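Biologist: Could you take me through reading this fold, feature by feature, with the general idea before each case?

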Amino acid sequence: MGSRSRSGSRGHRLGVAGAGRGRGLVRVAAAVLVTGLAAAGTLVGATAATADETGQHQGGATAVLDGLKTYDTAVLRTGGQGGEAATKQELPAGLFELGVDGGGQLKTYCIDIHNPTQDRAKYLETPWDQTSLGSNGNAGKIRWILQHSYPQVDDLAQLADASGAGTLTARTAAAGTQVAIWRFSDDADVEAKDKHAEKLADWLQATAQSVAEPKASVALEPAAVSGKAGERVGPVTVRTDAGQVSVTPPVDAAAGGVKVTDKDGKPVTEAADGTGLYFDIPEDAADGSASLTVQATTSVPVGRVFAGLTKSQTMILAGSSESTVTATASATWAEKGAVPALTARKNCAKGGVDITASNKGDEAFTFELAGAEHTIAAGETRTVTIPVAEDQAYDFTITGPGGFSKNFKGVLDCETAGAPGPGDEITTQSGSEPVPAQTGSSSTGTEGGLAETGGSSATPIIAGVAIALVVLGGGAVFLLRRKKPQDSGE
């Protein structure tokens with residue numbers, strides 16, 4: 001062990017909401033700092049009813065964790081510096097399963113060994129650069145491992161022969177694959193307990209080559225646009241690995257007169273990668289907004305990352321059934337005044353969330369964040385980065401004139417935790433009965449429990465912070481929620 005090197009489809013919906021004529025600036029008049037989880041919880045409750053559950057999700061599969069299903073045992077070594085003996089810990093290693101919203105199933109491996117999982121955690125398909133893989137020079141080797149091992153290679157005799165592993169079962173193949181991935185994703189000193197699984201892990205590690213990040217299953221860029229009545233507002237560009245996505249306006253779109261078209265005004269019912277979509281707004285349309293959702297049934301590409309909407313172990317896709325994938329974009333229009341469009345994206349390089357604001361109106365759009373005022377001139381687009389601590393949950397809503405409202409929520413999880421310090425041992429639970437997926441427990445076997453592969457004591461813990469933004473023409477709430485320290489690593 002010590003001699004091995006380590007490195008580190010079917011339709012869309014278009015909803016139209018009319019609004020009053022918004023005028024003038026949107027200006028934040030006050031910022032209020034509130035400490036403590038009790039105060040933070042009050043603001044969370046106030047915005048929960050209108051919050052978009054997936055917030056800034058840029059499209060693709062949304063899924064719920066169902067548990068660790070096919071696995072065997074690995075041994076993790078931690079510590080051992082300064083002449084101290086290394087600590088050895090046994091833990092489950094193998095394939096998780098997730099159920100896709102709308103239909104379908106995913107199989108994933110962990111790329112975040114020291115973080116725990118949360119019971120029934122919601123996961124979003126996420127680009128590499130918004131996760132720990134963005135700064136990991138071995139990310140491409142992890143994808144190669146996924147393409148050349150179980151379950152993508154389901155002929156276990158062939159896999160055993162190629163790797164020199166001797167004999168492999170589904171359990172040992174899954175464990176060996178997970179161990180090899182951990183060596184690249186977490187720079188972990190880990191080996192499979194089963195000798196055949198360990199040979200597979202060694203072969204995968206030694207043979208892996210760098211492969212490019214796969215395309216999104218489906219996404220729309222940008223996720224929000226704005227303009228004036230009488231214009232075709234856009235484009236919103238389709239990005240997809242699927243052959244095509246379906247675009248079918250419902251009845252309420254026709255009632256409002258808004259259409260989804262190409263750049264020449266021709267209605268669009270199907271689209272492919274690179275297609276530009278436009279919101280065709282009637283000239284007499286009242287100020288308002290609309291959203292479109294493109295949808296496809298496809299296999300999600302192997303190597304796509306799934307990050308938790310809340311703090312939970314980051315996963316990477318090893319296999320997918322035909323699954324329902326969607327992406328949503330919105331348009332806002334008005335006759336006069338500021339006409340903003342807001343999008344958000346995690347920025348791991350800068351340690352925060354990028355809020356991109358564009359203004360296609362004829363007046364400036366002004367807002368204040370964290371004590372700094374930002375003005376988006378008519379026709380201008382700017383990006384503001386909001387600092388967010390690693391492992392920090394955030395949930396904020398910005399509203400403006402004419403019923404404008406945008407919610408963004410998630411957790412900034414850009415780094416692996418690294419090796420735990422003294423007292424941070426990974427706890428496991430064994431048992432013959434299947435154990436539901438839950439934070440703080442695991443089991444070994446072919447079915448059942450979810451592995452906890454870490455604790456949260458290495459995660460920065462900061463007191464609750466809430467900032468209330470009072471906006472001219474409409475209230476706005478901006479919330480950063482700091483989490484309590486928990487032994488389970490929530």
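**Reading a helix, a core and a sheet**

Modeller: This is a predicted model, and we can begin with helix α4, which is mostly covered, since 14 of its 16 residues are buried.

Biologist: What span should the 16 residues of α4 have?

Modeller: As a general idea, an α-helix has 3.6 residues a turn, so residues three or four places apart point the same way. In this case α4 covers residues 170-185, and at 1.5 Å a residue it should span 22 Å, which agrees with the 22 Å between its end C-alpha atoms. After α4 comes Asp187, whose phi is positive, near 55 degrees.

Biologist: Which residues touch the most other members of the largest nonpolar core?

Modeller: In soluble globular proteins, nonpolar side chains tend to be buried together. Here the largest nonpolar core has 84 residues, and those touching the most other members are Tyr109, Trp182, Leu220, Leu277, Phe279 and Val294. Helix α4 gives the largest share of this core, eight residues. There is also a second, separate core of 19 residues, among them Ala357, Phe367, Leu412 and Cys414.

Biologist: What is the order of the strands in the open sheet of four strands?

Modeller: Strands of a sheet pair through backbone hydrogen bonds, either parallel or antiparallel. In this open sheet the order is β8-β10-β14-β12, and the pairing is antiparallel. Because β8 (218-221) and β12 (259-261) stand at the edges with a single partner strand each, one side of each is left without a neighbour in the sheet. Neighbouring strands of this sheet are turned against each other by 30 degrees on average, direction ignored.

Biologist: How many bridges join β8 and β10?

Modeller: The antiparallel pairing of β8 with β10 (residues 232-240) runs over four bridges, and Val218 stands opposite Thr240 in β10.

Methods:
Residues numbered from 1 in each chain as written. Predicted model: local features only at pLDDT ≥ 70, side-chain atom pairs only at ≥ 80, totals over all residues. Heavy atoms only, no water. Pairing = 2+ DSSP bridges. Helix = DSSP H or I, 4+ residues; strand = E, 2+ residues; numbered from the N terminus. Axes fitted to C-alpha atoms, helices over the stretch in contact; angles between N-to-C directions. Expected span 1.5 Å × (residues − 1). Buried < 20%, exposed > 50% of the residue type's maximum accessible area, 1.4 Å probe, protein only. Core = buried A, V, L, I, M, F, W, Y, C linked by side-chain atoms within 4.5 Å.
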